[in-house]
Amino acid sequence: LFSRQRYWGEPFPIVWDDQGDHHPVDESALPVVLPDLQDYKPIGSSEPRPLLAKAVDWVSTTAAAAGVSTLPPDTRVRRETNTMPGWAGSCWYYLRFCDPANTERFVSRQAERAWMLSVKRSAGAPARAPENYTPGVHHAGGVDLYIGGAEHAVLHLLYARFWHKVLFDLGEVSTPEPFGRLFHQGMITSHAYQRADKSLLPTDQVEEVSEGAFVERVTRAAVTQVVAKMSKSLKNVINPDDIIAEFGADTFRLYEMYMGPLEATKPWNTRDTIGLFRFLQRAWRLAVDEQTGAVRLAAAPDPAVERQLHKTIARLEHDIERLALNTAIAALIEFVNAATAAGGLTRDQLERFALLLAPFAPHVAEEVWARLGHTGSLAYEPFPRADPAQATDDTIEIPVQIMGKVRSKITVAAGADSKTIEAAALADEKVRALIEGKTVKKVIVVPGRMVNIVAG
């Protein structure tokens, strides 16, 4: 399962004697280094052999030359010619990150426990603790969150668990699992083109003859634009450099996050990036006078804008935690529109807005932060906190249905009970006109959501 018959990849530190028994290479002789080969194409043979078998002098050696002290020095041995998978060495990289400069161990016990051992959240509990893993007290996984595509489930995560569990059984790491939470990001697809027989052809073999109409260049036969996985063979891979050159890195970042839920498969459409580019332009004009380059600041805070800012902070806190990045950006767009309509932001409001924008469009946010007079990066500033009283609406708008169709809307206090909402709905002028002369048989109230009046 772990062995590969190829030249590249980490060599196994194992040799075989003439009796077919295996022996480990001494630690002092590690790492085993692959031999230099000008040509490692396979040799035609009735007994197929791994590519590394071509290095005859390297494969056939002595125990002393191979660094095996458990055998007499002149014992003839044969090195293992299979190699580990190319990603074998990356299976424990997260542990090395904890202590990358350590020359004695792959990670010190102190650093491993400090970074990898997490206490489950509870009232008054610290975020980290140096004790050994205790079921029910600590998280089983060391890395809090792992984000990767579904292909990582076999190519990386499976082997990472093998290595980590062996290290845990040996007492070298503190947690029985390498990762606490796994999130699979969706695949990005792109437009491709399909012939009548359903076969796909590369995009450079297609010509758009009119809006939404495409033909194959050679045959001039009509083809259909479809969505398919990005593939070099179909030549429908999007080069990020082209997007960044035209719109900038912040627009590229925003579009990737705004395309849809992070876990969903989503089609790439370059034309849609202009919408995010325009949003950044509006955000910039909200903060900076395009004629003078000076920061635009309101003299006094608008209470409605301040309330909207607190709502936006609360929304981002919630959405970022859930990795709902597309809805977080939607909240920022809504705030920019509201603040622009109100005439701008005060210095304090603009500073908080720049901090909210930074995770999504860091270059624009840093520029605004600098123009506000700050000499250090906003990356070191704490994320703004929402005032719960400001982030909650005093009143809410509720649709009123009559016989299942929305006929009006009413505004009530946010915490209004069912009787209050029912009375407000029946008192609404539009509703009264529509039910006049009819008998109200039933009023269904879903607090905070809707009212449905059954009348006849």
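Colleague: Which residue is the bridge partner of E397 in β16?

Modeller: In this predicted model, E397 has T411 of β16 as its bridge partner.

Colleague: What makes β15 and β16 a pair of strands?

Modeller: Pairing requires at least two bridges between two strands. Eight bridges join β15 (residues 395–402) to β16 (residues 405–413), so the two strands count as paired. They run antiparallel.

Colleague: Which residue takes a positive phi in the hairpin of β15 and β16?

Modeller: M403 does, with a phi near 55 degrees. The hairpin has two residues between its strands.

Colleague: How do you know that β3 pairs with β4?

Modeller: The criterion is again at least two bridges.

Colleague: Why are β2 and β3 called edge strands?

Modeller: The open sheet has four strands in the order β2-β1-β4-β3, with antiparallel pairing. Both β2 (22–24) and β3 (60–62) pair on one side only. Neighbouring strands of this sheet are turned against each other by 45 degrees on average, direction ignored.

Colleague: Why is L155 called partly exposed?

Modeller: Buried means under 20% relative accessible area and exposed means over 50%. The relative accessibility of L155 is 40%, so this residue counts as partly exposed. L155 is found in helix α5 (residues 152–169).

Colleague: Which residues form a nonpolar patch on the surface with L155?

Modeller: V154, L158 and F162 form the patch with L155. Together, the four residues have about 330 Å² of accessible area.

Notes: Residues are numbered from 1 along each chain as its sequence is written. This is a predicted model: local features need pLDDT of at least 70, side-chain atom pairs count only at pLDDT 80 or more; totals for chains, interfaces and linings use all residues. Side-chain values use heavy atoms; hydrogens and water are left out. Axes are lines fitted to C-alpha atoms, for helices over the stretch in contact, and angles run from 0 to 180 degrees between N-to-C directions. Patches are made of residues with over 30% relative accessible area and no salt bridge: like charges are joined within 9 Å, nonpolar side chains (Val, Leu, Ile, Met, Phe, Trp, Tyr) within 5 Å. Accessible areas come from the Shrake-Rupley method with a 1.4 Å probe; for residues, only the protein chains shown count as cover. A salt bridge is a side-chain nitrogen of Lys or Arg within 4 Å of a carboxyl oxygen of Asp or Glu. Buried means under 20% relative accessible area, exposed over 50%, partly exposed in between (1.4 Å probe, protein chains only).
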